[in-house]
Structure formats: structure tokens, C-alpha cells
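Reader: I have a model open on my screen and would like to learn how to read its contacts. Could you walk me through them?

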Number of protein chains: 2
Amino acid sequence: MSTIDARQYAVLSEVARLVASGAAGTRSALATATGMSRATVSQRVDTLIGAGLLLDGEPAGAARGRPPLTLRLNPLTGAVVAVDLGATHCRVLLTDLGGAPLAETAASIGIGEGPVPILTRVDTLLRALLEQCGRKTSDVRAISLGVPGPVDFATGTPVRPPIMPGWDGYPIPSFFADGYDAPVLVDNDVNLMALGEYAHREAVRHLLYVKVGTGIGCGIVSGGELHRGASGAAGDIGHVRVPGHEDVPCHCGNTGCIEAVASGGALVAALREAGCDVLTTRDVVRLSSEGNALARRQVRLAGQRLGEVLATAVSFHNPDLIVLGGSLAELHEDLLAEIRGVVYRRALPLATRSLAIETSLLAGRAGVEGAGRLALRHLLSPTGLARLLGDG
Amino acid sequence: MSTIDARQYAVLSEVARLVASGAAGTRSALATATGMSRATVSQRVDTLIGAGLLLDGEPAGAARGRPPLTLRLNPLTGAVVAVDLGATHCRVLLTDLGGAPLAETAASIGIGEGPVPILTRVDTLLRALLEQCGRKTSDVRAISLGVPGPVDFATGTPVRPPIMPGWDGYPIPSFFADGYDAPVLVDNDVNLMALGEYAHREAVRHLLYVKVGTGIGCGIVSGGELHRGASGAAGDIGHVRVPGHEDVPCHCGNTGCIEAVASGGALVAALREAGCDVLTTRDVVRLSSEGNALARRQVRLAGQRLGEVLATAVSFHNPDLIVLGGSLAELHEDLLAEIRGVVYRRALPLATRSLAIETSLLAGRAGVEGAGRLALRHLLSPTGLARLLGDG
């Protein structure tokens, strides 16, 4: 893009975002908000209408003379695809350009089957959703996927993901290049969960989403933006060392990692050693929910250890809100109580003054909601519009 | 500000920043870069010239006909004040509106004397600098101060600062309200050191500045912006617990804090117990620099403990660069070697792939450089221009 083009797309993006957020719903409101002339605004709006992004709606209110038309994101054309891939599940959401859900589906998968079988499955689910809504693959304007491992966000490529054998270095966007004419964004699933929760919280600027399941990870929102870090590894706290457990070996080759002493996997191991009949994290959740004292004790110990790591994260990041998600988060009576106890005792009083620690509002849908949010943000960005309008 | 005013100041800010960064140096370059008409650009430029911010300079190049005038930030009028207050030192820097240094001075202070005596001292130093440069207090356009404690940035008020008795809740900007007609920004000193180092590094987006002196603190730059957190406490890592030292009591009332086992204060205590004649961090630095084996051993142990905490910070934040500052950073041969060893061994390989760990480029001047940068950024922001132009 030349400087002039870049500026034009920045202006188009501003107009589209003002309409999307509801901040300005008519051409004259857009002229006021942007400081541009009514004629310039009309030109820009026409470009966005021509691209199928905006639509003239009902006349606004009871103004004298000809009432102005309200603008909105076009719900009739286009579609946005959000995909959440976990170790054993897959969820696909189709929304319109305003983010309103059109259709959603979920399925069980084994991520270890590798990229081509799994993405072929996603593609099949997606085509079924499109057909269900009477839309075509050519209507898809943006695709966003979350995967359970580290990702090079710029290229959409997993980087040495520990639980995704066969995916290392596979450029996920290339899989969709033939079937869809749309940008494909790939991010770590926990990052997208953080973004999904953030979008549903008012007055929160800095948020940590902590997923505690078979593994442990964290998504970071800093000042309203996802913080991915220099190589997309930000929030990978599973192998942070917990004080007091330096002798416990971890599968990573180090010792004392939080995943080795507080993850679902660690709880399964501890309970099996104590003679309990458990095989998966879900078994631990069930046993603990039934009131089994041994299981509840182990969950409380895990909470204390997580609390130690999160106290450090709070001293470092000073968030407004920590959201606890993942399968173990269901045990919030025990787990959340211990985490809160340690964090409020250990972290700096100034850092915990206005800190809330809560469980997820969206539960299993946080990832797919975040993926949808990321895709829509991209679609309305200058880069997204440049591509949509044939210059990307 | 109304919406229309806000938009106008946003445009003025864009013009001023394009000139300040060197991205556009003539009216026609500004018109190209902003997409505005030449007439509108000229109007905006005239407003900024009228306010003393911009100045027409030499004609640009050898264009045909009347060559266009180059624009620059006005070096002849106005001044920006940057102040770095430490526990025992004070540094005052005066720059022009382009950030070029006009004069600088330093003095020894005792921060515990309280706000009025110390700020009176700062004011005296500042007035001497102004006189030295032939400028008046009415020329001051922005003032920025760093202080060694947590600050509520919105109000410029220290919040329970442990080493600043008498400063808790004192609204620092009010001290300057009578003598200067300028915005006063107050921030934690380590935040400003991070900003100062960041401004001197190319191709760095995420930076941690770690100050190791009598205490231990960290300033965080995330995506080019200071991350202050929900209550301005981000980076307060002094009381993070270090694995393996859970029994060591800290002055904060908890145990195992990094400040209790790796700060200058902790080294003084350890060496005194071993019979060494040391009283201050500076004595430790001297002894260790002279090759004293006991001192070097303690410095290396401190480096290992710092490495443990920074490995966690790296897994969490995934920075491009960690800058080590503070008085102990001089001992980089021993301290830095141990920190690097532990961080590269403990943190996730993906997070350390492109990580550099270095000592400060600016040493004792990082804070005052960052303060100057903060003041200039504010001056050219929409809020800063609204105040400057009489609407703030």
C-alpha cells in the first residue's frame, strides 16, 4: 500500500468501526465524529456499501424533512468463521458481519491426527453450517482459528506445540487458500479465550485468562489488546517454577513446574498414587464434586500452588480481573477459594486493591467467541479492508 | 471537549507527530500523509505555529519554482522539564520542544525529607537551568517527574511508597500549579527508565527494565507502550517469592521475597554476617569489583535468584529485551552471567529464542530520558494540545 492508500483505508476503517460500535449511525453523525465533510463521508460510506460491508437501514427517528438513514453492518451478505480447536474438541461458529451468530456446531476430535485430517473435518463442518444458513464459501470474509499450542501469529503456524504432533511448522492458512478467498488468522486458544472473556466485561482494561485443565496456560490482555509477546509465547506459564516443590520432576525435563504439581494431569497422578480410580481430569472433577475428601484435598493443594504463581503474575501485570477457565475451574468452591487466599495474601496490596478473581462467564465457548472477535476486528482494520477491496 | 473539538485535536496531534517523527516535513508531505486538502493542512500548521510548537525552516531541496518550506518543532520557544527523583539523588533535564537537551543538572537529596523540601529543591534547580538557557518559567510546556515508589498516574500521587516517608497521598502536580502553567506528569521511576531505554532501542517492541539496587523493581513496555496495570503497580516484583528461600523473612512481613535474598540490602546483610566491612550497596559493588571472593560469591547467588524470578517474567511476558539497571548492574560480569544462565535454562525455549539480556545503555540517565520522552509524548497528544491551545 502507498501512503495515500494506507490513509484511505485508515479512514474507511474508522468509518466502519464507528458504525460497528454504534458510536455513529448516520452519515451526518459520521461527519461530526470524523471531522470530514458530508460529501467525503458519503463517498466512503458508498465504498463500504459497495463492498457489502454496510447497509442503509430504517430512517432514524422523527427528524423534520427527509429523515436520515441509519447505517449498520450488512447482516444479509458475508459471513465470519470462528474455530476453536482443543485437544479433544472442535467448535465452529458462523456469524454475520456484525458478529451476530448464524449457526454453531461442535464435535469430538483427536488433535494428534494431524493438520490435514483435522482441518478437513473443520472444513466439512463449516460447509454444512454455510449450507444450513443459505450462504456460500464465497461469502466468507474472514476465518479465525484457535489451536492448543504456541503459534507464530504472523504466519499462522504452530511452533513446536507439545500436544499437537504433526502440526509443527504447518502453515494453517494455506489449507484454506483454495476453498476460501478470505484472510485466515491463527492464534493460541488461550489467547482467544482471554479476548472472548474481555469482550464480555465492562470497565476491564487488563485481564488474565488462566486455563487449568490437563495443562496450564494464560492469555493476557493489556490495555484492551492481546499481548502475544516477542515470539507469541506470552502467557505460557505451565513451566514456571512453584516455590516449595523444586524436587518434583516435570515432563519438560525441568523440576518444580506448576504443570507438574497443579494441572489435571498432576491431580490424576497424585490420586492414583493414593489408590483412587481416576484416569482423566474429568474423573478428578467428578470425584471432587461428589465430595471425595482425598480429591478435594488435592484440588485445594493445586489451588494453593496456582495461587503462588498467580500472585507473581499479579505483582508483575497488575490486572483488573483474573478469569479462571478450563475443566478444573468447575471446582471453583475449592480451587478458587485457595487461589484467592494465596493471591490476596502474597501479592502487593496495591496490586490486589481492585482485583477480581472469577470463573469464566463463557465456559467452553470463550475460545470461539474470542476467535470471532479477532476475525471481525481484522475485517474492519485498514489491512482487512485493503484486502477486501482488492488491494491487500 | 466536544466530539468535534476532540477530532480537531486528534488531527492537530497527528500533524504535530508527523513533523516530530520526521515522517512528513512539508505542508504537501503532510497533505499526502493525512489525506487532507492542502488548505486544511495549512490551517492546522498555522494553528501549531501560532502556539509556538512548529516553525518554518529552510526551503526543502531544489524543487522547481518556489521551494516548499520545511517544518520542524520550534527549538527557539518553549521548554520541557524532566525530573528523576531517587532515594538519594535528583536529576533535572531541560529540553527544547524537539527533545534536544538544553541543560542538565544533578544533586544529592534525601527523599525522606518529604515532598515540600524536595520539590522546592527541584524548583530551585529548574529555575537555575531556565536562567542558564535564557528561558522563563512561562516557557515551560510540560513537566514530567519520576519518583521511587508506586504512583497513581492519573492524579500524580504516590500511593503508600515504602521508601518515601511523607509523600503518601501528596498530589505532586499541585506543587507546580502556581509557578508553572504546564501539565505535570508523575510516574514510577523504573517505568520511566524502561521508557528511556525503549526510546534508544531499534526493533524492540516488548521490554523489561529491571532495576537492582537497594530494592528491586521492573518497568514494562508492552507493544511500545508503558504497561502500568490497573492501579499503577505493574512491575512491582520486589516481593515475588523465589523458589528455595521460603524461610527467609522480608521487611514486608512475608517470607522468601526476591528483595530479601537478592537486593543490595540483602547482600549487605549477608556480607556483614560473614564478617565483611560493608554498609551500603555501593560497598558491595566496590568489594566485588576488587575481586573479593566472598562478595563475588554473594553477587553470583543473587544473580541466580534474580534469574529464577526473571525466568518467570520471561515465560509470562515474552519480551525481546531485558535491560538490567540499578547500582548492582555494574557487576555485570558476575550478576548478568548468572541471570542469563538461569533464564535461558528455565524459561520456555520459544520465549528465549530471540531474547537479549543486556545492561543499561543510559545507566543513571535512563530515568530522566524517559521522563523527557513522556512529557514530549503528552505535549503532542490530543489532550496535551487541547490544554496548550486553551481548552484543556
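**Reading the contacts**

Author: Happy to! Let's start with one helix from each chain: A:T312, A:A313, A:F316 and A:H317 in α10(A) meet B:T312, B:A313, B:F316 and B:H317 in α10(B). Contact means heavy atoms within 4.5 Å, and helices (H or I, at least four residues) are DSSP runs numbered from the N terminus. By class, this contact of α10(A) with α10(B) has four nonpolar, four polar and no charged residues. Here Ala, Val, Leu, Ile, Met, Phe, Trp, Tyr, Cys and Pro count as nonpolar, Asp, Glu, Lys and Arg as charged, and the others, Gly among them, as polar.

This is a predicted model, in which local features need pLDDT of at least 70 and side-chain atom pairs count only at pLDDT 80 or more, while totals for chains, interfaces and linings use all residues. Residues are numbered from 1 along each chain as its sequence is written, chains are lettered from A and ligands numbered from 1 in the order in which they are written, and side-chain values use heavy atoms, leaving out hydrogens and water.

Reader: At what angle do α10(A) and α10(B) cross?

Author: Axes are lines fitted to C-alpha atoms, for helices over the stretch in contact, and angles run from 0 to 180 degrees between N-to-C directions. The axes of α10(A) and α10(B) cross at roughly 75 degrees and come within 11 Å. That makes α10(A) roughly perpendicular to α10(B), a label for angles of 65 to 115 degrees.

Reader: How much area do chain A and chain B bury between them?

Author: The size of an interface is often given as the accessible area lost when the parts come together. Buried area is computed with a 1.4 Å probe and summed over both parts. For chain A and chain B the value is about 4,500 Å², with 54% of it on carbon and sulfur atoms. In chain A, the residues that lose the most area to chain B are A:R7, A:F316 and A:R346, together 19% of what that side buries. The contact takes 53 residues from chain A and 53 residues from chain B.

Reader: How many salt bridges are there between chain A and chain B?

Author: Side chains of opposite charge can pair when their charged atoms come close. A salt bridge is a side-chain nitrogen of Lys or Arg within 4 Å of a carboxyl oxygen of Asp or Glu. The count between chain A and chain B is two, and B:E308 forms a salt bridge with A:R241, their closest N and O atoms being 2.4 Å apart. Over all chains, the structure holds 36 salt bridges.

Reader: Which residue does A:R296 pair with?

Author: A:R296 forms a salt bridge with A:D334, with the closest N and O atoms 2.8 Å apart. This pair links distant parts of the chain, 38 residues apart: A:R296 is in helix α10 (residues 293-317) of chain A and A:D334 in helix α11 (residues 332-346) of chain A.

Methods
Buried area = accessible area lost by both parts, 1.4 Å probe. Helix = DSSP H or I, 4+ residues; strand = E, 2+ residues; numbered from the N terminus. Parallel < 35°, antiparallel > 145°, perpendicular 65-115°, else oblique.
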